[in-house]
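This briefing covers confidence, a helix pair, a sheet and a few single residues. Please read it with the model open.

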Amino acid sequence: FGAGARCEMMAIEGRGSAPGRLDFLGGVSDYSGSLVLEAAIQLETRISIKPCPPRDRNTGGVLLVAGNDDDDTNEEVQSCKNDTTIQKSSSKECCSTGRSNDGMMNRNTKTTTTRTLSARSAQFPKDGEVRFDMDELESRASEGLDRVRLLLSSSNAPKWANYVFGAFVAYCRDVAKRYPQESLTVTVDSDVPLGEGVSSSASVEVAVCRALRDYYYEGEGVDYDDDEDPLRVARVCQSAENEVCGAPCGIMDQIACLLGQHGQLLPIDCGTVATLPPAYLPEDALVVGFPTKVRHHHAGVNTPYQRARTATAMGCKIAMGVVPEIRSLADVSRLVTPWVYERHVRGLLPETLGGRKFLDDHGDVAEVDALSQVDPEEDYPVGACLEFASKATFYANLALSLLEGAAFSDAESRHRVLTRIGELMLLQNESYNKMGLGHCVTDTIIDLLMSFGPKAGIYGARASGGGSGGTICVLCNEEALPVLEGIAAEYKTTLIL
């Protein structure tokens with residue numbers, strides 16, 4: 001590029017944002033293909049993508065800078081292309097610009113340039129800049145997103161970076177079908193609480209994809225999302241979270257953050273990966289998030305979420321014996337209805353089933369769910385997990401029917417409708433406890449809220465998302481807000497609207 005072209009390129013900026021969400025009804029049943037109801041929140045993640053000057057490279061491989069720029073002890077870690085050797089230098093200049101430790105240019109070093117992808121998070125300033133060779137990312141992604149995960153983990157990248165780099169390469173590979181030809185810097189700024197069950201990770205992923213879309217459009221006038229599948233970006237984000245971040249989530253969060261609008265309930269059919277027309281609560285009703293301050297995470301092995309998903313897959317495989325139409329875990333909520341569960345399946349499922357016995361009797365679950373793996377030393381709540389999956393769609397459809405009937409009803413009728421929907425939320429929260437996704441703090445807060453109950457305008461509550469702490473989703477009316485705010489103050493937390 002000439003100087004003018006470089007200046008024009010440097011002026012390009014892609015911006016994208018996405019909200020977090022509250023899980024109104026459905027929760028972890030998304031991986032079993034159920035209908036769920038999700039509510040977008042006002043808090044959001046904001047992403048900026050800008051070109052940056054190309055960096056000099058004298059050794060090749062993957063570059064990672066970690067640490068605060070003000071910290072003289074920061075080290076740059078370079079993972080060589082063979083992924084087996086880690087070299088460290090006390091000087092960033094030595095590795096990234098070809099200078100020696102005394103600051104003088106090494107005349108024997110041949111300086112070349114490389115495309116890099118850098119990321120910074122306003123929420124984690126001490127992590128400094130995380131930087132990788134874009135050619136290496138592109139090469140790894142062409143082999144599989146799991147290879148990108150290995151690259152990030154071997155370089156000790158901070159966890160937040162997995163969501164940024166994972167969504168970036170997945171969008172470039174699967175949507176744009178190309179990678180930017182210039183070095184880029186991604187800046188992350190989010191007020192969506194981390195680890196509190198309001199989809200902070202999906203919010204980052206969707207915002208990164210939107211910023212990339214905007215960047216390509218600003219630079220080339222090409223809209224890579226303009227096709228017949230508006231949910232393709234949600235699938236791309238889900239694949240990034242599954243394969244790069246190691247979280248075995250369904251697609252609910254990504255769709256909610258992509259299409260959810262504050263003030264409405266978004267029905268998502270996770271089995272067909274489609275949305276239904278939005279639903280609306282009565283005028284004076286609210287969906288409020290009550291953070292418990294108990295953080296959770298779903299990535300990794302042997303988490304409560306992974307255990308519940310695996311238990312559902314185990315129940316699914318057992319149910320195939322009486323419901324042969326089942327082909328995968330995503331078929332469960334559609335084919336194992338509440339009646340089918342009670343009539344044909346319940347008697348086959350013990351309350352708890354040991355992993356070793358299941359493997360001996362039924363084999364593994366790979367044929368129904370590639371993201372589940374049975375641990376022979378673990379006990380699984382198979383019955384409770386499959387029962388939750390079988391009833392989730394029924395609960396969501398019932399809530400939608402009740403809301404539709406309440407649209408033009410009088411105040412007393414609306415109160416009865418909200419009380420019934422609140423009861424569905426409470427029932428699902430009890431199911432979470434049986435599945436191993438509950439938490440004593442969650443239960444204590446819900447018990448306190450419901451001690452005021454519908455008479456005070458608090459109709460129901462449940463653990464949002466994957467449970468195990470996080471945030472409680474509360475259905476209430478405007479008059480109940482002072483009560484919620486008072487209880488939140490006692491717990492030193494702030495409500496999410």
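Helices (H or I, at least four residues) and strands (E, at least two) are DSSP runs, numbered from the N terminus. In that numbering, V273 lies in the loop between β11 (265–269) and β12 (274–275). The model is predicted, with a mean pLDDT of 86 for the protein and 84% of its residues at 70 or more.

**Confidence**

- Residues 1–7 have a pLDDT under 50 throughout, and the model gives this stretch one contact beyond four places in sequence.
- Residues 59–111 also have a pLDDT below 50, but beyond near neighbours in sequence this stretch has 108 contacts in the model.

**Helix pair α13 and α14**

- The axes of helix α13 (residues 382–406) and helix α14 (residues 411–435) are 10 Å apart, and the two helices pack at an angle of about 170°.
- Angles over 145 degrees count as roughly antiparallel, and α13 and α14 are therefore roughly antiparallel to each other.
- On the α13 side, the residues that meet α14 are A384, C385, F388, A392, Y395, L398, A399, L402, L403 and A406.
- On the α14 side, the residues that meet α13 are R414, V417, R420, I421, L424, L427, Q428, S431, Y432, K434 and M435.
- By class, the residues of the contact of α13 with α14 comprise 16 nonpolar, two polar and three charged.

**Sheet β13-β17-β16**

- Strands of a sheet pair through backbone hydrogen bonds, either parallel or antiparallel.
- In this open sheet of three strands, the order is β13-β17-β16 and the pairing is antiparallel.
- β13 (285–294) and β16 (458–463) are at the edges with a single partner strand each, so one side of each has no neighbour in the sheet.
- From one strand to the next, the twist averages 20°.
- β16 and strand β17 (residues 470–477) run antiparallel and are joined by five bridges.
- A463 has I472 in β17 as its bridge partner.
- Helix α16 (residues 481–490) packs on the sheet and touches β13, β16 and β17. The direction of α16 makes about 5° with that of β13.

- N156 is not a glycine, yet it has a positive phi of about 60°.
- The position of N156 is in the loop between α4 (145–154) and α5 (159–176).
- Exposed means over 50% relative accessible area, so N156, with 64%, is exposed.
- V273 is not a glycine either, and its phi is positive at about 55°.

- T185 belongs to strand β10 (residues 184–190).
- Buried means under 20% relative accessible area, so T185, with 18%, is buried.
- Beyond its neighbours within four places in sequence, T185 is in contact with S48, I49, K50, C52 and S118.
- The C-alpha atoms of T185 and V130 are 9.6 Å apart in space, while the two residues are 55 residues apart in sequence.
- S199 is in the loop between β10 and α6 (200–220).
- S199 has a relative accessibility of 7% and counts as buried.
- Setting aside neighbours within four places in sequence, S199 is in contact with G20, R21, V192, D253 and C257.

Technical notes: Residues are numbered from 1 along each chain as its sequence is written. This is a predicted model: local features need pLDDT of at least 70, side-chain atom pairs count only at pLDDT 80 or more; totals for chains, interfaces and linings use all residues. Side-chain values use heavy atoms; hydrogens and water are left out. Axes are lines fitted to C-alpha atoms, for helices over the stretch in contact, and angles run from 0 to 180 degrees between N-to-C directions. Angles under 35 degrees count as roughly parallel, over 145 as roughly antiparallel, 65 to 115 as roughly perpendicular and the rest as oblique. Contact means heavy atoms within 4.5 Å. Ala, Val, Leu, Ile, Met, Phe, Trp, Tyr, Cys and Pro count as nonpolar, Asp, Glu, Lys and Arg as charged, and the others, Gly among them, as polar. Buried means under 20% relative accessible area, exposed over 50%, partly exposed in between (1.4 Å probe, protein chains only). pLDDT is the predictor's confidence in each residue, from 0 to 100. Two strands pair if DSSP finds at least two bridges between them.
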